[in-house]
Protein chains: 2
Amino acid sequence: MSSDVGSKDTGKVDRISEAEHAVMEVLWERSPLTAAEVCEQVCGERGWSLATVKTLLSRLTAKNAIAPQPDGRRFLYNPVIARSDYVGGESRRLVDRLFGGRAASLVAHLAEQEALSEDDMSEIEALLKEMRK
Amino acid sequence: MSSDVGSKDTGKVDRISEAEHAVMEVLWERSPLTAAEVCEQVCGERGWSLATVKTLLSRLTAKNAIAPQPDGRRFLYNPVIARSDYVGGESRRLVDRLFGGRAASLVAHLAEQEALSEDDMSEIEALLKEMRK
DNA sequence: GCTTCATGTTTACAAACGTAGTCGTTATGA
DNA sequence: TCATAACGACTACGTTTGTAAACATGAAGC
């Protein structure tokens, strides 16, 4: 599949930038989509032009984050990496970088900063209780 | 206090990049420090030259993240922004961007990904219990 | 057939970033 | 007094990112 011997096609995905991430969110929400359809979802919100979306789709394709599937004249774009993988990776990066890899420290910090509402806390407690057994 | 009328000195701090953050960590650990001293702490670890550290210190100063305090021929650098503020900001950004602002979702995700050890979970539970009343 | 529209590809360009070298100046030891 | 080392300031340069225009090409209506 997709031979092309000699091209560097490690299955490894590059880091996704902020703008690129906005496009990924659209595709995670619903896919496959055309460039125009992606634009419909984000161009308004971010004040982008279709050209911008096209560029981002190209870059994401180059980064192996999405896969263009030919559909006549155009392409339909599909996410290649799962949202949960991305989210997990980013979360881990943050925890590693800022909390020495200790996830509990992150929660502690959020709690101290009052970043956690009473509801959040109950929810987390319930979650943990569930996890535990 | 640092009059200098006319210069754009909003107390607002710019976003700190990854490399810059490494320097901040050193200064948060101990300060004030000279450029050479900062280098002693990170140049080995990151394979940087002293020149690189000097550049980063300049940029951080321009971003109002640190404040150079004259000491004869040289400067001693101090963090201006608190580590907890930075950490809080970054955490919030992540939660907003990836979890729709719901911190509990982040914790849920970490839990599902087995990113939380048994110890982490106990620790968090204890923390929450403490917080609650 | 020819104009027009949609679409991917190429090129552009400024700002931010990572990484570092050079320059000018002053303290300092010989 | 003179060479040298230590510093901050300035300059440099390739890459990534944000944002988009120009271009080529094929589809589609007229």
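The following legends describe close-up views of a predicted model.

**Figure 1. Fold of chain A.** Six helices and two strands make up the secondary structure of chain A. Their order along the sequence is α-α-α-β-β-α-α-α. Of the 133 residues in chain A, 24% are buried. Among contacts in chain A with a separation of 6 or more, 45% are between residues 24 or more positions apart.

**Figure 2. The contact between chains A and B, seen from the side of chain A.** Chain A contributes 27 residues to the contact, and chain B contributes 27 residues. On the side of chain A that touches chain B, at least two residues are supplied by each of helix H4 (83-99), helix H5 (103-112) and helix H6 (118-132) of chain A. H6(A) provides the largest share of this side, with nine residues. The residues of chain A that touch chain B comprise 17 nonpolar, four polar and six charged residues.

**Figure 3. Crossing of H1(A) and H3(A).** The axes of these two helices, H1(A) and H3(A), come within 10 Å and cross at roughly 90°. An angle of 65 to 115 degrees counts as roughly perpendicular, and H1(A) and H3(A) are therefore roughly perpendicular to each other. From H1(A), the contact involves A:Ala19, A:Glu20, A:Val23 and A:Met24. From H3(A), the contact involves A:Val53, A:Leu56, A:Leu57, A:Arg59 and A:Leu60. Seven nonpolar and two charged residues take part in the contact of H1(A) with H3(A), with no polar residues.

**Figure 4. Protein surface near DNA strand C.** DNA strand C is surrounded by 22 residues, of which A:Ala35, A:Arg74, B:Ser17, B:Ala19 and B:Ala51 are the closest. Both chains supply elements to this surface: helix H2 (35-46), H3 and strand E2 (74-79) of chain A, and helix H1 (18-29) and H3 of chain B, each with at least two residues. With five residues, H3(B) accounts for the largest share of the surface near DNA strand C. This surface near DNA strand C has seven nonpolar, seven polar and eight charged residues.

**Figure 5. Protein surface near DNA strand D.** Around DNA strand D there are 21 residues, and those that come nearest are A:Ser17, A:Glu18, A:Ala19, A:Ala51 and B:Arg74. Two or more residues are given to this surface by helix H1 (18-29) and helix H3 (50-62) of chain A, and by helix H2 (35-46), helix H3 (50-62) and strand E2 (74-79) of chain B. H3(A) gives four residues, the largest share of the surface near DNA strand D. By class, the residues near DNA strand D are seven nonpolar, seven polar and seven charged.

Figure 6. Most peptide bonds are trans. In chain A, however, A:Ser31 and A:Pro32 are joined by a cis peptide bond, with omega about 0°. A:Pro32 is placed in the loop between H1 and H2 of chain A. In chain B, a cis peptide bond joins B:Ser31 and B:Pro32, again with omega about 0°. The loop between H1 and H2 of chain B holds B:Pro32.

Figure 7. Most residues other than glycine have a negative phi. A:Asn64, in contrast, has a positive phi, near 60°. This residue, A:Asn64, lies in the loop between H3 and strand E1 (66-71) of chain A. A:Asn64 counts as partly exposed because it has 15 C-beta neighbours inside 10 Å. For B:Asn64, phi is also positive and near 60°. The loop between H3 and strand E1 (66-71) of chain B contains B:Asn64. With 15 C-beta neighbours inside 10 Å, B:Asn64 likewise counts as partly exposed.

Technical notes. Residues numbered from 1 in each chain as written. Chains lettered and ligands numbered in written order. Predicted model: local features only at pLDDT ≥ 70, side-chain atom pairs only at ≥ 80, totals over all residues. Buried ≥ 20, exposed ≤ 12 C-beta atoms within 10 Å, placed from the backbone. Contact = placed C-beta atoms within 7 Å. Near = placed C-beta within 6 Å. Nonpolar A, V, L, I, M, F, W, Y, C, P; charged D, E, K, R; others polar. Axes fitted to C-alpha atoms, helices over the stretch in contact; angles between N-to-C directions. Parallel < 35°, antiparallel > 145°, perpendicular 65-115°, else oblique.
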